[in-house]
Amino acid sequence: MPRAKKIVPTPSVVEPNVAIYADKLTFSYNAKSTSGKRALTDISLTINRGEFVALVGHTGSGKSTFVQHLNALMRLQQGSLNVLGHDLAQKKPNLMQLRKQVGMVFQYPEYQLFADTVLEDVCFGPKNFGVPASEHEQLAKKAIELVGLDFEEVKNKSPFDLSGGEKRRVAFAGVLVSEPQILVLDEPTAGLDPQGKKEILQLVRKLNKEQGVTVIMVSHDMNEVYENADRVIVFRDGCLVYDLPPQQLFRLENEIEDMNLEVPQVAAFCNVLEQAGITLPTCHNVEEVFAALCALKEGSNA
Amino acid sequence: MLRDVTFGQYYLTKSFVHSMDARIKLILCLLFMVGIFFVQSFVGFAFVALFLLVAIGFSHVPLGSIVKSIKGIIFLLCLTALLNMFFTKDGNLLVSWWIFEIYDQGLIVAAKMLLRLVFLVMGSSLLTLTTTPVDLTHAIESLLKPLKVIKFPAHELALIMSLTLSFIPGLIEETDRIISAQKARGASFDSGNLIKRAKAFVPILIPLLVGGFRKAEELANAMNSRCYEGSTNRTQMRVMKLSWRDLVGALITVAVFATIFVVYAMRSQWSTITWLYF
Ligand SMILES: Nc1ncnc2c1ncn2[C@@H]1O[C@H](COP(=O)(O)OP(=O)(O)O)[C@@H](O)[C@H]1O
Ligand SMILES: [Mg+2]
């Protein structure tokens, strides 16, 4: 692989509150052949600790490829990348520490369960990361309860005997058990029922708000992006095209449709109101719109 | 990346060889594979090489793709060559070192074996590079049809084959995904002793098997719900037809191997023509 040369170490100016710093990150799957189409081109971004970032874009735009760089599943080919102080331009970054700190939940994570019991499956991470065995059960209990399952009830069950939604929670627990500082989620709610979606998102939000976990969520559901993310990054054909707070991004209705994305319902509603001359304060969901409208009504009545 | 494995995968283009009937190609390929074992001399191998090069030329498949298929079995090739080299004890002793002795006949036998295997792989990959798996299974089904009179399940066999083939890309992709997911949870596959490494594959194999069974079941349900039945007289969507290309291709190949068989059969009578036997 023609590495070297093009890989640039991260400058030492990266601030301690920066979780992810990428500069001109470029990647192609067939690095050797010239025909290899680029999957990522010149991605530059900085994500601070504690942010909730949504990553959106059409299928094949490079979202999964990018997020797999964050825990060195894909190795840096060009540009520079620093994750939680690990300089991935190095030949041998501390993979174990990096992967412990960057939890990654793949699409349909329930398909990776393998162990005889839920407890054993959840402890796979800590075991690999060299956490003392005496702490495993305690950590697993915490993680399983965090995802809303009853520890005593499920711990000795086979993961294959659980329902689809429960399996996904167990898979989540298997990542959360390592107490990651960055949580990367690749379409975490795909294929779940509305209730399951809501619960997963609630959990992610809780981790973000209460424990300060940096969240990077790949999603196709703009409503959930709008409601949860502080910041939306849009990929198109391997390039970063927008990096805006959702309230600003979804004002650009034409551009959004151009990229085959939909405008979230709340944003569309606010846009229509705005065109009618009614400007609401920033609203994330229906409840907030309702509250804002009530406030407006009371204001005009008074 | 696992999906880089391209051993003998269909190469999409238009050519004389591509448009030949899959059944003819399959038969000719079998003829080639058998015939190659009747080649005894380097002159014969040169003759076969010429034939192969012409066939490759008419297939518009880049030579690189064919050579790549040899790379996959390079270990097997080296092993065969080494075994032949060290265990043939004929002719003049060339080198002797410790328990190893190399005779000139050993070198010749090894070289011939190597050529045979390389040609074998090249010939069969020419078939798979120019024939889609679907066409290939249809060809097998069609060729096995006469066996139906003795209740041989030709159609079912072909169906199993084509389903297997269609599952492979998905399984490879799935394997890639599972490996990534377990790596993200700290799994490593290249550290520790042999037992530890073998154990490291359990978290990959189990989800892969479970997933495979799940997909097979889904497929079975989908087929059942469409009332699929293999036994009834099904017709093919694409009817295979012979053309002048098949005649030309078959004639040339048969001529080449007829020559080889004749030379082989007559090798005792013609022993005065020494160049034939070099
Ligand atoms: N393993 C792979 N080998 C070759 N090309 C790939 C591989 N994975 C993805 N690609 C290509 O890279 C591009 C980006 O893919 P991906 O990151 O999966 O996009 P997304 O997650 O946004 O749908 C696509 O064009 C895809 O075809
Ligand atoms: Mg993806």
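This is a predicted model: local features need pLDDT of at least 70, side-chain atom pairs count only at pLDDT 80 or more; totals for chains, interfaces and linings use all residues.
Residues are numbered from 1 along each chain as its sequence is written, chains are lettered from A and ligands numbered from 1 in the order in which they are written, and side-chain values use heavy atoms, with hydrogens and water left out.

Strand β4 of chain A (residues 78–83) and β5(A) pair in the antiparallel sense over two bridges. Here strands are DSSP runs of E with at least two residues, helices are runs of H or I with at least four, and both are numbered from the N terminus; two strands pair if DSSP finds at least two bridges between them. The pair belongs to an open, antiparallel sheet of four strands in chain A, ordered β2-β1-β4-β5. Its edge strands are β2 (38–48) and β5 (86–87), each of which pairs on one side only.

Next, find strand β9 of chain A (residues 231–236). Five of its six residues are buried, so β9(A) is largely enclosed by the rest of the structure. Buried means under 20% relative accessible area, exposed means over 50%, and partly exposed is in between (1.4 Å probe, protein chains only). Strand β3 of chain A (residues 52–57) runs parallel to β9(A), and five bridges join them; V53(A) stands opposite R231(A) there. With β10 of chain A (residues 239–244), β9(A) pairs in the antiparallel sense, again over five bridges, and F235(A) sits opposite L240(A). The hairpin of β9(A) and β10(A) has two residues between the strands, and D237(A) takes a positive phi near 50 degrees.

Further along chain A, look for N271(A) in helix α12 (residues 265–275). N271(A) is buried, with a relative accessible area of 10%. Leaving aside neighbours within four places in sequence, N271(A) is in contact (heavy atoms within 4.5 Å) with F250(A), R251(A), E253(A) and V263(A).

Finally, hop over to chain B. Chain B has 10 helices and two strands, and along the sequence the pattern reads α-α-α-α-β-β-α-α-α-α-α-α. Its C-alpha trace spans about 70 × 55 × 40 Å along the principal axes. Of the 278 residues of chain B, 34% count as buried.
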